[in-house]
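These are my notebook entries on a structure that I examined chain by chain. I set down what I looked up and what I found.

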Amino acid sequence: MAGPAVAQTSPRAGARAFAPGAWVLALAVLAVLVAPLVVSPYYLTKMLPFFAYGVVLLGLNLLVGYTGLLSFGHALFLGVGAYTVSVATTRLEIRSFEVILLLAALTAAIVAAPIGALCVRYVKIYFGMLTLAFGMLFYSFLIKFYAVTGGDQGLRVAQHSLLGLFEARSGERVRFLTGQFYYYAAAVLAILALVMWRIVRSPFGLCLRSIRDNPEKAEYLGVSVRRHRWYAFMLSAVYAGIGGALLGPVTGQVDPTLVYWTHSGNLVFMVLLGGFTSFFGPLLGAFVFIFLQDQIMSVVPYWRLVFGAILAAIVIFAPTGLMGLLSQRPTLPRWAVLRQAPGPEHAN
Amino acid sequence: MLTLRDVDVSIQASEILRRVSLEVGEREVVCLVGRNGAGKTTTLRAIMGYLRLRAGTIEFLGRNLAGLPTHQIANLGIGYAPEGSAIFPDLTVGENVEISTWTRPGGRPAPERVDLAYATFPVLRTYARRKGTQMSGGERKMLSIARALALDPRMLLLDEPFEGLSPAIIPAVSRGIATITEAGHAILMAESNIHHVPEIATRLYVIERGEIIFAGRPADVRRDPAVLRIIGG
């Protein structure tokens, strides 16, 4: 279930290593499919946030890993998606979860458009700080506008139906979540992963990687750096919105802690933990994060202390994350090494 | 084709270029020669819109480039191969070449442009699947020129194409540059060593401390001892 070890950043160079990676991927998919038959409901409910975070992180990694922009406010868009589910089910009487997902994607895109347009004018730490600021702005909005958002109490997520066929009947919420909703969320993750796989291998993805390598030289080749960064920002926000929408029904309740900056920090942590240089790294990161947190919390309450130590160890000893360790590459991927050299550091 | 008139450029309040005027016509190979720090790269970067002009104008095909963002200038048809290893290390050689067929669609079809780029530097085709980091300095230089060529530009700006190359590889690069002009592209080339100026150069400008101190044919400069002292290599 741990996700596959395809640690390639380039599709062509991947030809050699593809075969084992494909096997791991197939095994992971199989494990996800059969898990409801063998795994206890407790662990199945832990898989649901994994699917949701998986979607969010696929989007976040488009920004972090492929475009080279580190966002510290990405929980904002996750929150937008989650609140969309709540508002749609409780106020707008929308039941169809497909419509809700579309609505969450759309709302996230609308919110991201102006924020992204401003943020992508800055890079590195300034970009990070600006996204952090917007995230906290949205947090304040959720806290203060009690009438709309329910303040710190948040809002509940009401009844919804999947594909117009399945609904949670009263008293059967857990069975619904670990049954139909489990497969539904897994399917959404699979589809969106496929779409993202195509995106990063398209010419658009090529341009993003050229921007990450060297924005100035990308401009010389006719790439509009700002516009491409903006598109990447919007796309990643849409993924975060959809992921957030998947998270809503799991908790049955949305509240402002979803968009608090520590939550954005968790997202970045998951990306680093799994490895941002690999396509599937962030998914592995989400998986390990969720189950490790669960295990540690059952032993000691100080999970942040343990996670802080893990984060430090990763940054120092395994900058390519768990996926980098698993794929047993002797050194950093080449572009990461080059980034540390003084060469391609022209900020746009 | 390309005309610079009285271009002044300052970087952080120090004047780098003073009243630089130069011209590149259709199918010309023009060399901008000067010592390190004379302002060659600054001139090329100013043409690409990466530096703001304090005074003067830059026109390309009758169009004023002032205020245009760099990527639009590239899309007008100026291919720039910067100094140093300007390739994208994480992309393969093939991707490095193909990227410009996508960023500037239109004009000739993409396969034709890629073919022209490879025809100019045939050795690159054999490396198409390698990552940029696995190339030697000379190969990177070729790749950087080939990539600018795949943009299907009307004109190429080459920043010191022979800088730091081993003597063994210089003929391959010069042959490539000759191929480019035969295909009808104009070239503006920066060079620090007068001996590197290729035979096919039609005209030559000498730049020193941000000012053009000589403009004329390559044969004439070799008879000017004052200028030769500066750029004699």
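I count a residue as buried when its relative accessible area is under 20%, as exposed when that area is over 50%, and as partly exposed in between. I note at the outset that the model is predicted.

Entry one, chain A overall. I looked up the burial of chain A: buried residues make up 55% of its 348 residues. I recorded 15 helices and four strands for this chain. For its accessible surface I noted a total of about 15,000 Å², with 69% of that area belonging to carbon and sulfur atoms. I then turned to contacts between residues at least 6 apart in the sequence of chain A; of these, 76% join residues at least 24 apart.

I found a nonpolar patch of about 850 Å², whose members include A:Leu25, A:Leu30, A:Val34, A:Val38 and A:Tyr183. Which helix gives the most to the nonpolar patch? It is helix H1 of chain A, residues 14–38, with eight residues. I class A:Val34 as partly exposed because its relative accessibility is 37%.

I examined helix H6 (residues 137–150) and helix H7 (residues 170–182) of chain B, which pack at an angle of about 10° with their axes 11 Å apart. H6(B) and H7(B) are therefore roughly parallel to each other, as angles under 35 degrees count as such. On the H6(B) side, I listed B:Met142, B:Ile145 and B:Leu149 as making the contact; on the H7(B) side, I listed B:Ala172, B:Val173 and B:Ile180.

How values were computed. Residues numbered from 1 in each chain as written. Chains lettered and ligands numbered in written order. Predicted model: local features only at pLDDT ≥ 70, side-chain atom pairs only at ≥ 80, totals over all residues. Heavy atoms only, no water. Patch = residues over 30% accessible without salt bridge, like charges linked within 9 Å, V, L, I, M, F, W, Y side chains within 5 Å. Areas by Shrake-Rupley, 256 points an atom, 1.4 Å probe, with all protein chains shown as cover. Salt bridge = Lys/Arg side-chain N within 4 Å of Asp/Glu carboxyl O. Helix = DSSP H or I, 4+ residues; strand = E, 2+ residues; numbered from the N terminus. Buried < 20%, exposed > 50% of the residue type's maximum accessible area, 1.4 Å probe, protein only. Axes fitted to C-alpha atoms, helices over the stretch in contact; angles between N-to-C directions. Parallel < 35°, antiparallel > 145°, perpendicular 65-115°, else oblique. Contact = heavy atoms within 4.5 Å.
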